[in-house]
Amino acid sequence: MRKLIPRISLMLVGILLIWLSGALHAPLHESRRVHDLTKAEPLENAPPIVVFSTVALGGFSGFIADLLWLRAAQLQMDGEFVELVQLAEWITRLQPRFAEGWVYHAWNLAYNMSVMFNRPEDRWRWVRHGIELLRDGGLRYNPTNPMLHRELGWLFQHKLGSNSDQAHMFYKWAWAREMEQLFGGQRRNPDFYALAQAPPTRSAVMAIRGMPELIEQLQRAGFDPFTHQWPEEDRLEEWTAIIEDHAAGDALLQHMRLRILRDQYRMDPVHMEALEIQHGPLDWRLPQAHAIYWASRGLRYATGHEAMALDRMIFQSLADAFYQGRLVHIPEEGLFLPSPNPDLWPAVMRAYDEAMERHQQPGIQRGQVFFMNNAMTVLYTYNRLADAETLFNRLREEHPDEVTADDFETHILNQYAEHLEQLTPAQAHAFIEGMLTQQERWLRLGDEERAAGYGRLAQQAWSNYMADFQDAPGAAALGLPPLEDIRRAVQTR
């Protein structure tokens with residue numbers, strides 16, 4: 001009995017200590033969170049394998065990940081990218097809070113893996129995997145990480161938006177096709193307010209008068225409107241006929257678009273509408289708008305260098321959209337052509353001004369001066385003379401060394417002659433399309449001589465610019481579209 005009492009006492013003390021440690025766990029965890037002593041926040045709605053790796057393995061997950069990183073580094077040097085994909089997937093599962101792992105994996109997919117294939121559709125598959133990895137994986141577990149927002153925006157800005165990859169036009173076409181399907185055709189400006197007001201859940205949809213009958217009719221025809229997929233192309237016409245003939249069809253379509261936008265693309269129509277008001281008009285079929293979206297989402301969490309990088313992405317993407325932010329897409333004629341959006345110049349200038357006010361970096365000012373010189377030339381060729389002169393006057397007032405003693409028109413002509421060979425294909429495209437626009441305008445006004453002059457100037461500019469691409473590999477993809485395609489885009493306005 002004497003031995004039993006001390007044992008019972010020790011057991012009671014042990015139970016008490018265990019209870020106290022459990023009771024103190026929550027405040028200790030909260031203190032670690034407040035003072036940023038840990039990044040291991042609980043994961044919500046994570047797949048079982050991620051829960052297992054982060055909880056069951058505990059600290060060993062980091063040790064295993066380190067070994068995988070060493071192996072991945074060796075594979076990277078050896079160019080063994082296929083095995084590298086699997087290793088990087090394991091690393092992200094073991095360390096879902098390690099943002100650099102997601103960035104590494106996405107970059108490898110979009111840049112290293114994609115260029116191993118010749119067919120554009122094969123390349124696009126890997127680029128899209130990189131986008132999905134950051135959007136659906138990295139930001140799912142690290143929603144407040146500004147670096148992941150920046151890296152996702154970069155894939156849109158650079159991999160899709162620039163001409164650095166010979167398959168860039170296919171990437172643009174594939175993405176635009178998805179967005180046209182999502183937003184219901186070739187509308188550049190979806191009604192985001194109406195989209196945000198759409199019934200958000202299945203139960204809300206089913207409560208709409210006539211909806212159960214429509215759903216039953218679709219299901220009898222083999223369609224399930226509550227998946228994240230649109231019907232296949234060969235059955236799209238049949239689907240459309242059923243939807244359009246029913247009074248509840250429009251509400252169902254809006255629900256589907258809202259659900260797919262939020263669940264699949266992880267985008268918020270309210271934020272998209274705010275960007276449209278702040279920076280618009282944006283063409284959401286083109287990658288520049290999506291680079292702006294993800295950069296602006298990351299800004300709410302960013303400070304210091306990250307805030308500067310995200311602001312830079314916004315004004316650079318807006319400037320890119322000025323040069324190629326309007327899409328001319330006529331599927332029946334096989335025409336797909338990003339072209340200038342001259343209405344964006346005030347938004348570009350505001351973005352530069354706001355970034356300069358926040359960061360006071362000379363590089364921002366140099367970029368703005370470069371944009372003003374090029375933009376006024378584009379605006380001039382589009383017959384937006386008042387807008388072009390507004391930029392010229394600001395340039396002369398704030399940076400007199402840039403204009404010396406030139407008057408407005410002399411400065412424009414000098415700019416065109418000096419900078420044509422230094423322009424990117426998008427900028428050169430914008431100038432040439434502007435000249436063809438002037439040609440069409442003067443033809444309508446009956447001044448055939450002046451119209452012919454603009455036509456000759458456009459032809460000369462196109463020929464001079466493309467001369468540098470004649471001997472380059474993949475010249476057709478890296479240079480300008482055929483002049484006749486640009487002319488057809490102008491004529492469809």
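## Helix α18 and its ends

In this predicted model, helix α18 is followed by Asn383, a residue whose phi is positive, near 65 degrees. The helix itself runs over residues 362-381, and its 20 residues reach 29 Å from the first C-alpha to the last, which is close to the 28 Å expected at 1.5 Å a residue. Of the 20 residues of α18, 15 are buried, so the helix is largely enclosed by the rest of the structure.

Although Gln360 is not a glycine, its phi is positive, at about 55 degrees. With a relative accessible area of 53%, Gln360 is exposed, because the cut-off for that class is over 50%.

Is Asn373 buried or exposed? Its relative accessible area is 6%, and Asn373 is therefore buried, the limit for that class being under 20%. When residues up to four places away in sequence are left out of account, Asn373 touches Leu395, Glu402, His411 and Gln415.

## The pairing of α7 and α15

Helix α7, made of residues 146-160, packs with helix α15, made of residues 287-299, at an angle of about 170 degrees, and the two axes are 8 Å apart. The two helices α7 and α15 are therefore roughly antiparallel to each other, since angles over 145 degrees are classed in that way.

Which residues of the two helices meet? From α7 the contact takes in Pro146, His149, Leu152, Gly153, Phe156, Gln157 and Leu160, and these meet Pro287, His290, Ala291, Trp294, Arg297 and Gly298 of α15. Sorted by class, the contact of α7 with α15 comprises seven nonpolar residues, five polar residues and one charged residue.

## Loops on either side of α13

The loop between α12 (233-244) and α13 holds His246, which has a relative accessible area of 22% and is partly exposed. Apart from residues up to four places away in sequence, His246 touches Gly210, Glu213, Leu214 and Gln217. For one of these residues, Glu213, the separation along the chain from His246 is 33 residues, while the C-alpha atoms of the two are separated by 9.4 Å.

Arg266 belongs to the loop between α13 (249-263) and α14 (269-279). The phi of Arg266 is positive, about 55 degrees, although the residue is not a glycine. Its relative accessibility is 34%, so Arg266 counts as partly exposed, a class that lies between the 20% and 50% limits.

## The chain as a whole

The elements described above belong to a chain that has 24 helices and two strands. Buried residues account for 49% of the 493 residues in the chain, and the chain exposes about 25200 Å², of which carbon and sulfur atoms supply 55%.

How many of the contacts between residues at least 6 apart in sequence join residues at least 24 apart? Among such contacts in the chain, the share that joins residues at least 24 apart is 66%.

Technical notes
Residues numbered from 1 in each chain as written. Predicted model: local features only at pLDDT ≥ 70, side-chain atom pairs only at ≥ 80, totals over all residues. Heavy atoms only, no water. Axes fitted to C-alpha atoms, helices over the stretch in contact; angles between N-to-C directions. Helix = DSSP H or I, 4+ residues; strand = E, 2+ residues; numbered from the N terminus. Parallel < 35°, antiparallel > 145°, perpendicular 65-115°, else oblique. Contact = heavy atoms within 4.5 Å. Nonpolar A, V, L, I, M, F, W, Y, C, P; charged D, E, K, R; others polar. Expected span 1.5 Å × (residues − 1). Buried < 20%, exposed > 50% of the residue type's maximum accessible area, 1.4 Å probe, protein only. Areas by Shrake-Rupley, 256 points an atom, 1.4 Å probe, with all protein chains shown as cover.
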